[in-house]
Each structure stands twice: as structure tokens, then as C-alpha cells.
Amino acid sequence: MMALMLFLSFIVLIFLGVPIAFSLGLSSLFYLLMNDIPLNILPQKMFEGINSFVLLCIPGFILAGNLMNAGGITERIIAFTKNLIGHIRGGLGLANVGSSMGFAGITGTALADAASIGSVMIPSMKKDGYDASFSVAVTSSSSTIGPIIPPSLPMIIVGTLATVSIGDLFLAGTIPGLMLGVGLMIVTYVISRKRKYPKGERQSLKVIGKSFFGAFWALMMTVVILVGILSGWFTPTEASIVAVIYALIVGLLIYRDLKIKDIPRIMLDSMIGTASIMMLVGFANLFGWILVSEQIPQLIADGILSISGNKIIVILLLNLLLLFVGTFMETIAALLILFPVLLPIATEIGMDPVHFGVLMVLNLMIGLSTPPVGVCLFVTSSIGKVPIGRASVALLPFIGVSLLVLLLVSFIPEITMFLPNLIE
């Protein structure tokens, strides 16, 4: 009964518009008060949640991403992809997806991708004659690639929760991320040909080479991080600091768009972003402790496995649950709450924790652009000034190909495990 009250209060707070971190904290406080549990358990469990060396890499990667953004990275990646594939029918749409794939390693968050690339690409596509709802659909769906291709904040959270190698998770997400990007490009191209959307002029190798050099240093950040972690040169936490130093060198000395006077503001923004994530992690740990106390994970596991012990059915049920949760819950919060609950079910049917981690992140990313309440859908619709209903209809073919990639990743473990197994 008390567990039901916990969930009801949490859901009510979310739909009242209370930030997810405070929804978790207030519903947990309500539970503690109703059960006469000493309130000193609250700071104890919050501290336990954030007392992890690996989580120290979160502020580093957030700061590195903000520094690279301020250094003009978005425009350079977009310019390179437009020069490379802009001459193909629907080239701006393809460049939109390609930019998201390149931008993924810089921020690692879908919302940042949707806002940054969307603010540039959606007006450009509309100006060139693309339908506004199509422009919004391309941007919203492709923004979900970000946290799958490394480096990725959700993968760091998964690695912390499952006590598995973050390097393995980064590698495991690479092929699914590329598959999703290619799939979205195919849909974009087919629709563009059907609707006869414009194509740009073919650029010379000199122009392409110049724009590639402009984007090269930004794209190399992902390579530096992956090679450093996998070679054992530095830990994920140390990698985040290397990324910050790299971003400072590129922004100040190579691109020269980053100004020293901007650094204090960037650091303040990064501290605010880090604080919000850490507060979320702390409250989620308290919420998770309550769930374990009420034996909710075991009840959910027994409930799903009682429906069927068939591996295929169980994976489909897990996918449906995660897609639904992803439409209304912030990704990191969903991971913190549900990953410890669902991981035992996944391992019970023989799934590797790395495989399940990537699968869960992919599900939640697709949910971010899924109607009716996907966060990335709201952001891009706002930029494109398109009603949610129209944007949702335009999104259907993109959601379709995303679900196809999800099914392939779900039932062909080699897609995710190939690169981690190759490196071992």
C-alpha cells in the first residue's frame, strides 16, 4: 500500500510540472514521514548515491562539451556535413542527421543536440523549401543518436550502476548508434526523393577538405577519449579532465572562437548542470532504497517472468516498458530508478549487462522523440513553430526505423558485443 502511495505521489508531482529530481525527493520524503522513518536516512542515502569516483567524470564531460560548443563546434560540424553530402537529394536533411552523429561525441545528451543543431538546421531547411514538420521530425529523431555514440553520460551512469567497464559500454554503443544514424539517413533520403526536396551544389575536394579540417579537431575528441580509456592510459574520470584540456586548447588556440572572458560563465553553467544531475542521482538513490525495502524489484521481476519465461517475450516486454517510460521521464532518472530493478530480469534470461545497458539507453533515447510527450519533440517543434500533432505524424517513419534498429539490437547481441569482445 505504501509503495503504491510512493508511486502515485511521484507520478502526480511529475504531471504537475515539478522537476524530476524534486519529484523523487518529495515523494521519498512523504514515504519516510508516513512510515515514521528517521529523516537522517535522507542525507545518508543521497550521499551514498553520489559517493562514486566514476561519477566525477560527469562535471568534466559537461564542461568539455560546453567549452567545445562555445568554441564554434556546431557550425563547423554542420558546414562539413553540408559540404560532404549536401549535393544529394535532401542533402540538408542528410546533413542534419550527419551533424547529430558528429555532434554526439561532444555533448553526449540528446536535448543539447536537439537545441543546438535544431536552432541552426530547422530554419535553414525551412528556408530551402523543406516542409517544417519534416525538418522537425529529422532533427528530433536524429538527436537521439547523441547518448548512444560515445562519450555518453547515460552510459557512464549505467557503468556505475552495473559495475561494468565504461570503456566497454562506449564501444558497445558505437555500432547501434551508427546503425540508427544510417537508418534515419535512408528514411530522409527516400522521403526527400519522393517529395522532390532540393539538393545543393557539389562542392570541390578543396572545399570539403577545408571544412573537414575545420571539424577535425572536434571530431577527434571522441577518438582521444576512447583510445585513452581502452589503452589504459587514463580512467574515465581522468578522460573527462583530458577532454576539458583538449577543449580549451582547441577552442583558444586552434579555432580561436573561445574567449577567456567566456570561461567563467561556461564554468558556472557547467556547475549548475552538474549540480542538477548530482541532486537527481542522490534523490534517485533514496527512491531506489525505498523500492528495495518494499521488495518492488522482486515483485516486478516475478510479474514479468510470470507472464512468460520465453526470452523473446521478456525482451519485448522490457522494450515496451522502457519505451513508455522514456516518453515522459528524464533519461538519467529513468536509468537510476529502473536499471537496478530490470537488470536482474535481463541477466535471468541470459543477457550480458553491457548489452542490456545499451539496449536500455537506446529505448529511452527513442522515447525522447516519441509522441505525445517526448522532450526532444517538444524542443524541435518549438524551434520549427510546428504543432505537436503535425510533427508527430511526420515522425512516424523515423520512429519506425528506430524501432527496427531497436529490435535488431535486442535480438542480435553481437551488434553491441562485437567491439567490446574484439578489444578483450
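**Exercises on helix packing**

**Exercise 1.** Describe how helix α10 (residues 166–195) packs on helix α17 (residues 353–368), which it meets at an angle of about 45° with the axes 9 Å apart.

*Solution.* This is a predicted model, in which local features need pLDDT of at least 70, side-chain atom pairs count only at pLDDT 80 or more, and totals for chains, interfaces and linings use all residues. Residues are numbered from 1 along each chain as its sequence is written, and side-chain values use heavy atoms, with hydrogens and water left out. Begin with the angle, which makes α10 oblique to α17 (angles under 35 degrees count as roughly parallel, over 145 as roughly antiparallel, 65 to 115 as roughly perpendicular and the rest as oblique). Next, take the contact (heavy atoms within 4.5 Å), to which α10 gives D168, L169, A172, G173, P176 and L180, while α17 gives V354, V358 and L362. Sorted by class, the residues of this contact are seven nonpolar, one polar and one charged.

**Exercise 2.** State which residues of α12 are buried, and which helices they pack against.

*Solution.* Helix α12 (residues 236–254) has 19 residues. Those that are buried (under 20% relative accessible area, with a 1.4 Å probe and protein chains only) are P236, T237, A239, S240, A243, V244, Y246, A247, V250 and G251. The buried residues of α12 pack against α4 (57–70), α10 and α11 (205–231). After the helix comes R256, whose phi is positive, near 65°.

Terms used
Axes fitted to C-alpha atoms, helices over the stretch in contact; angles between N-to-C directions. Helix = DSSP H or I, 4+ residues; strand = E, 2+ residues; numbered from the N terminus. Nonpolar A, V, L, I, M, F, W, Y, C, P; charged D, E, K, R; others polar. Expected span 1.5 Å × (residues − 1). Buried < 20%, exposed > 50% of the residue type's maximum accessible area, 1.4 Å probe, protein only.
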